[in-house]
Every structure is written in C-alpha cells, then in structure tokens.
Amino acid sequence: MRANFARHARHLVVRRAYAPAPACASYAAPSRRRPIARQPVVCPTFERTFLDILFKKAPREVRQPEYEPGWMQIMVWRSRMLEKLRPPTRKELMAAWKSLMQSKIRNNLPLNSTQALQCRRLLQYLTEPPGRDDQNVKKLSTADLAMARKVLLDIEPYERSKEHLHLARALHEVWMSGEFTGKPKEPAELWSYLIQAMCRFGSTKEALEDLYAKWDNPEYQKYTSGEARVLEDVARGLAQEGHEKELVQLVEFAEKNGVPYTPSLQEVITVFYAQRNQIPETQQWFTKPLVSGRSRPGTYRAVASFAMRNNLEEWATPFFLELGQTQPRKSYWDVLLQGMLFVGMRLEEVQSIMSHMIGQNGPLSPDTATINSMLRVAGETVNPSLAEEILAIALSKSIKPDAETYLVLLSMHISAGSVSDAKAVYEQLQYAGSIPADNTALWTEYGQVMNRYLLFLCHQRPADFKLILQVLGTVEEEKLHLAPETVGSLCLRFLENDQSFDVMDILSIHAFMYSEAQREVVQSAFVTFCLDPNTSTSRAWGAYQLLQQFFQDLSFERRVQLLHGFFARKRPDMATWVFSHMRQHRNKEFQPRRDTYVKCFEGFAQNPDREGTEQVHNMLKMDTRVHTNTKLNTALMLAYAACERPLKALDFWHEIQHSPEGPSYASLEAVFWTLERKSGGSKLAHEIWDKIEAMDIEVPPAVFTAYVGAIAASGNEKEVRNLIMKMASYTGSEPDAMTLGVAFNALPGENFQSGFKEWAEKRYREAWADLQRKRRRKTEFGLCQYKLDRVVKA
C-alpha cells in the first residue's frame, strides 16, 4: 500500500473548500485520479461452486533451484568455516568432491571460477592434518586428484580465470607432496599437466619461462622436445593470449634446438596471423617448408578465408590446386572444396571437381560432411543463395542433410537477420537427429548457436514468446549451457511481458550454475531494468523481488542504486523494503553504512513517508556499528520535518548543537527548512540567525533562502521584503527565482502572496520572470505554489 494512501483517501470523505485562484488555475495540474463510481446493485445469482473445484486449473508450481551434485555440501562447508562453526566431516566432504567431479566429467561441464576457488580451498583443507574426529578417514586418492585434473584440462572452459590456475597449482602441490593414497606419478609428467593448465588459463608467459628452464634437463626431455612435448600447448597459449613476439621466438628457438617446423606449429602460427589479416606474416609462415608431413586441413581453411578477406585469391589458388593433385584424404578434399569457394571459383566448377575426387585408394564420393563444409562458406559469407545452390547439389546426389547441416544454416540465417528462415531451419533441426556425443566441437557449436538464436529472438519486436519457450525447452532437454548474457536478455523480455514464472524457471535452472562473475552479468541486466524510467513501477518491483530471491549476493553498490531508484519513482515504501533487506542481510558487507542511512533519510525528505522514516530510524537505533554525526542528524531532521513532525525534527537540531562536531551549513539550511513547517518557527529562526550574525561567518545563498522561508511561513511579509533586499550584503549575491519562490510559497495566505507578488514584480523583474516560467499547483488550502527544484541535503 502506498504510504500516502491515507492522505488521498481523506479527500474522498472530507469536502474541501474551494478557493478560486485565477493566477494559478490555468497552470494547475489536472487530477489523474478518476472519481470512484458507485457499484451497481445486481441480483444475486446462484452457482454450483463444487464444479469449480473439480475443473479449476491447479496453480503453477515454482521450480526449485538446481544445483550440481556435491556443490551445496561444499558451499555449506565454506559457510560454516567463515562463521567459525563445526564443519561437515571429512568423509562427507570427500564424497562431495567426488560427486562434483564425476558430475562434471559425465555431463562435460567445466568448473566455473567460483567452483574453482572453493574446490581449491577444500583441497587445501582436506590435505591438512585431520582433527580428532577424522583420524580414521582416508586421504584423497590418485583417482580423486585425476578427476579434478581431467575436468581442468579435458573440458573446454566457459571462463579462463586465475582461480582455475590456482586450483591447478594446488593440485600440483598435492601431487608433489604425496598427501594422497595410491601410486605417485613422475615429477616430469606432473610438470607437463601444470604447464598445460598454465597455458589454458592465462599464464602462458610463465609456462614459457618454465619450458626454457627445463629444456636441457634430461628428466624432462620427453615433455620438452620429445614425443609428449608441451611445445604446441605453449605456442597455442601464446597465440590465444596475443603474445606475437614470444610466439615467433618460441618457434625459432625450437628449430635451433632440434624440434622441426611441424604441421601443428605451422597451424598455430599461420592461423594466428591469418585471423589478424597480417598479410606478409601469414604468407611467410604458410609457405615456410615443413620438414615432414602436410599442412593440416585447419591451416588450409584459415588461409582460404584469409585470402578472401584480403583479395588474395590469385595468391592462394595455386596451393589448393596443388593439394588436389596430391590425391589427399577425404578431410582434405572437403577443405579443398571450401577453399575453392572462398577464392572465388564458381559453384559449377566446384561441382565438377567434386565429381573427380581421388584419394590414395581410389575415387572418393561426396557425402554429408562435404556438403556441410561447403555450407560453412555460405555461412561465413552470409550468402543464403549460395547455400540454396549447395543444398540443390546435395539433393541431386541424394545426400541427406544432418543436424550439422541445419546448425550451419541456422547460424547463417541469424547472421542474415531472417526471422522466418531461421524459424524454419530450427524446426528442421529438431527432426534431423541428434549430434554424436563424442563430437565435442560440434556440441560446443550447437550451444553457441542456440545462445545466438535466443538472443536473436529476444531482440525481435514483437517477440515470439511461444517460440522462445520452445527453444528453451530444447536447451533444457539437451542440457545446453546458456551464457549469462542470454539469460539476462531472456529474463528482461519475460518481465516486460509479465511472465514472472518463466523468469523463475530460467533462474532456477541456470543462475546457480554460474560463477560470481557470471551472476553479476545477470544481476546487471535486472538492475538496469529496474532503474529504467520506461519500466513501470510494478514491473520494476517484481524484478527486484526476483533479484532478492535468487541473488542474495547482489552487491552493496547495486542495492544502493535500487534504493535511489525507488525513491526516484516516488515510492518510499518500496525503498524502505530495499533498505530493510540490506539491514537483515547476514553478510555485513551488504548491510547499510552511515552514508546509506543518510541517503535513505534524504530520500524520505524528498518523498515523505512517516512509517518508513520511523522504521529506518528504529533500524539505526539497533545498529551498533553506526555512530551518529552532524550529517546523519541533519538527514534525520530533514526526514521528520518532511513527514510533518517538526518538533521531532528539532530534537536532532538540539543534538547537533551539543555535539563536538557542531552545526554545518547543511544543518543550518535544514533547521530553517524545518522551522518553515513549524507553527511559530520564526522565533527560533531569529535566535539562530542572531548567533550566525554574532559569529560573523559567511552565509551561503541556500542558507539565507531557507531563513527567508522560515520567516515567511509566519506571515511576516514586510520582514521578508527587507531580508530579500539585504541579501546581497549577507551573501554577496542578489536574490534569484529560488529565493523569491521559497518566500512566495511559504507565505500563509492569499493576501500575503498577492502583496509579495506585486512588490517582487516591480523590484526584481528578471528574477520574477524566471519564476513565472515554472509550473504551479494549488495546495489543499487553495493557495498557489510554484514547483521549485528545491533539494535540501545533509
């Protein structure tokens, strides 16, 4: 219920006296509330209500949050450790570790950064000497450690954070210390695992230094220059992190020390330069002779795409013609046909070459993989007509499309912005069969395309919510990963359509699978929605309630933004709830501070709410961490004065007077602003002003204006005129529209206002003309008042 409901309800039952004010009536804002119509009297009807019970639709159940196996137990352990409570037993924690890692491997899900952080802490805890109750519990086994290593190194991560690297280092330390049961591994092998983790999670330069340091060590030769060398991993990491100079130096160092220029190294460095469209370097490293073997298909494909983007078709064409004459394997023929399309060869010529594919063991026939590779050219160039021609070739050769075919087409139509074509291809994708479970790369692409498709649907106006829910059903069924940006966009579209239950379903499935950093992306989307002026207040409040339910880790800064947002919407009751949730939070980092109290009371000063002011004040009294000062007492004075409790507000002025800090300019303005609302307040205002004059201090215009308002509220019009005329001698500035407006609004009668207006129009023509441009309203007593942007702060 609105805090000011009683005030408006009173107007319905109390007939107000109407005093005409011609000068103000034309500017008065019309009432936005419709008159309450009398309810018509109707004859009662009789219904068989028991039928409603039989056929009434059951209310929709809220989906429970989903957590990965073992993760909740780890979080409970961490919470108890922070609160210095008794943690779960080591046996339970080891079971949680195993459950989480087995679930990750089974579902091919990587650790997020928060999970990596807590798993590293748990690993360190489990390797410490056990307590009295855990003496008979076995240590972690080699299998337990190997599962964690597999999750880190074999599953493609969604995040590459320092926390993953810290976990890899902690695993390495445990391996090296021997604090586990089972057969230990060789230090060199363990070192290779650590190097791979460093290259995967953003510390490749350090891995490069370790590689150089171990290069001449015979014990590590197998992993430096031998068969199991990590050289390619380091090179790939340098390319991924953009370290061009170190990448070139590494390849040259390897050649000088007996490691030949291999196809894998060629692919890393050629693709690195091709993606950056660095023409001389790409040509140099691609044409550099290989000691043995042939360039990989990925290298040829990157070069073909590079040639198309940089108009180097004539340079690239001979390499693909030469490749075709060597009778390569089927995978090379597929990339060869791709390359020919990239370098500008017509589809008819490519189709002719397709009919003459020959491998080492005889003729080769095009298949679905061949068609898919050609369709990827159409997808990259966003050429739907080329895709149709390629599909026609497939039909003529009785080649059936598969899931990958429609996946490539869906990606192309999303890039082209074609809603109808994308929808048609998506429906075909549903009936095209499943993607092989062992094709990790295609599964990753499948997840990425579905994320793009959902974002694409979210951006449509109007949105097809039925289709969005259908796609979400597929995502849930296939257990695909939704990126936080996708979840944020989906939630906002559903909130705009008042589909709160669908928002709760999405958050229940995905929000608790995210790391802290990923959750902040979703939180940011919700906060932006709440603070958007175009969002209705009811929808903003609904979004905040979902934030409060699913994101207890919402940052302190964002909570303060929401607090100000609801004050800006003139809903102090909602702001009170936001503040209350902060105060009740179990984490002290999210609880309000002194400045938060000040901002909240300032909000109540602009949007009066007596009940809310008293509630927050009671919270302040119980908050032992916050000590009052002049600024906080000033804010309290403003809040209570705005709630028509000037006597209570003046109690805080007395506290300010007797405090060691003493009054400030803001508190002086606030007390005059309070006395403007108190009957007979001019007496105390004179006393305070006499002290100011006695101290011979500078008086800011805002303080003087507030003093004028306090005097005007008592009806002393002549004194108000004299004060305004002397304003320049006190403040050094002439009265402006604000000073005249405050005095006019504070005068308690129409006669006083008329006399003041007549005097001000003659004496201060420009300032009064500025005041006349402002909007006006009528008070409940029939007095005209100007709408001034008067903000009094602590």
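**View 1. Val 382 sits in the loop between helix H20 (368–381) and helix H21 (384–396).** Helices here are DSSP runs of H or I with at least four residues, numbered from the N terminus. This is a predicted model, in which local features need pLDDT of at least 70 and side-chain atom pairs count only at pLDDT 80 or more, while totals for chains, interfaces and linings use all residues. Residue numbers start from 1 along each chain as its sequence is written, and side-chain values use heavy atoms, with hydrogens and water left out. Val 382 isn't a glycine, yet its phi is positive, near 50°. With a relative accessible area of 34%, Val 382 is partly exposed (buried means under 20%, exposed over 50%, partly exposed in between, using a 1.4 Å probe and protein chains only).

**View 2. Asp 498 is another non-glycine residue with positive phi, about 60°.** Look for Asp 498 in the loop between helix H26 (484–496) and helix H27 (500–510).

**View 3. His 510 belongs to helix H27.** His 510 counts as buried because its relative accessibility is 11%. Skip the neighbours within four places in sequence, and His 510 is in contact with Leu 480, Leu 482 and Val 487; contact means heavy atoms within 4.5 Å.

**View 4. Leu 507 is one of the residues with the most contacts inside the largest nonpolar core.** That core has 167 residues; a nonpolar core is a set of buried Ala, Val, Leu, Ile, Met, Phe, Trp, Tyr and Cys residues joined through side-chain atoms within 4.5 Å. Leaving out neighbours within four places in sequence, the contacts of Leu 507 are Val 487, Cys 491, Phe 512, Val 522, Phe 526, Phe 550 and Phe 551. Apart from this core lies another, of 67 residues, including Leu 100 and Ala 168.

**View 5. The peptide bond from Arg 461 to Pro 462 is cis.** Its omega is near -5°. Pro 462 falls in the loop between helix H24 (440–458) and helix H25 (465–478).

**View 6. Tyr 67, Met 72 and Val 76 make up a nonpolar surface patch.** Together they have about 220 Å² of accessible area, from the Shrake-Rupley method with a 1.4 Å probe; for residues, only the protein chains shown count as cover. Patch residues have over 30% relative accessible area and no salt bridge, with like charges joined within 9 Å and nonpolar side chains (Val, Leu, Ile, Met, Phe, Trp, Tyr) within 5 Å. A salt bridge is a side-chain nitrogen of Lys or Arg within 4 Å of a carboxyl oxygen of Asp or Glu. Tyr 67 lies in the loop between helix H3 (50–55) and helix H4 (71–82).

Notes
Helices (H or I, at least four residues) and strands (E, at least two) are DSSP runs, numbered from the N terminus.
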